[in-house]
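Subject: Structure handover

Hello,

The structure you asked about is below. My notes on it follow.

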Amino acid sequence: GTIKVTVPHIYDVLETSYPPTDGAFQPKYAQIIRDICQMIRDDGGFFTINIYPWFTYKANPGVISLDYALLKESHTVDGVTYNLMTAQLAAVRAALLKLDATFTEANLPIVVGETGWPTAGHADATVSNAATYINNAAQMGIDGLIDMFLFEAFDEPSKTAIPGTLQDNTEEKNFGLLEQSGTPKYDVPS
């Protein structure tokens, strides 16, 4: 076996994400991300980014549609068709390539370290919407389009939001695929 190292990054390390081809990291993070990525690339590892279309949707009311955030619809930008997650991944790839032309998919694959949708705390944080999002995201993984980790297995009733972010205490406690008892909230493809 082998051991690989990665560093999970939050999506907010990007300064620009739209259009996806203009993706760029915030200048204050660029050098450290470049250094980390060179080590990960040389180790044969992958770049890990946490992507939450939920937070993008919530931060852009009236701009990002619910169906786009739920990965139910796609938009074409500069001749390329994306759902919100693939647009965000394309922006990350563009940002990586701006740091170093060798940060290609072959040399530095991208893995989504966390993605999910809350089931409480907002009018659109429902079990039905979470099931739609998770099932659409999981299908992308099953189809081999994206490697990802779903966030998270269980609700966390004692979790709190990070002050100064788009997080909400109730939402943060309710990203689980399962209730704390282990009861599934909805079916997830395998």
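E152 sits in the loop between β8 (147–150) and α6 (169–173). Leaving aside residues up to four places away in sequence, E152 touches E172, F175, G176 and L177 (heavy atoms within 4.5 Å).

This is a predicted model: local features need pLDDT of at least 70 and side-chain atom pairs pLDDT 80 or more, while totals for chains, interfaces and linings use all residues. Residues are numbered from 1 along each chain as its sequence is written, and side-chain values use heavy atoms, without hydrogens and water.

Now the pockets (on a 1 Å grid, open sets of points where a 1.4 Å probe fits, with protein on both sides within 12 Å along at least five of seven lines; lining residues have an atom within 4 Å of a point).

The largest pocket has a volume of about 750 Å³ and is lined by 29 residues, of which Y11, D12, Y52, F55 and T56 lie nearest its centre. α2 (53–59) and α4 (84–99) each supply at least two residues of that lining.

The second largest pocket has a volume of about 240 Å³. Its lining includes E105, I110 and D147, and the largest share, four residues, comes from α4.

Regards

Key: Points joined across faces, edges and corners; volume = space filled by probe spheres on them.
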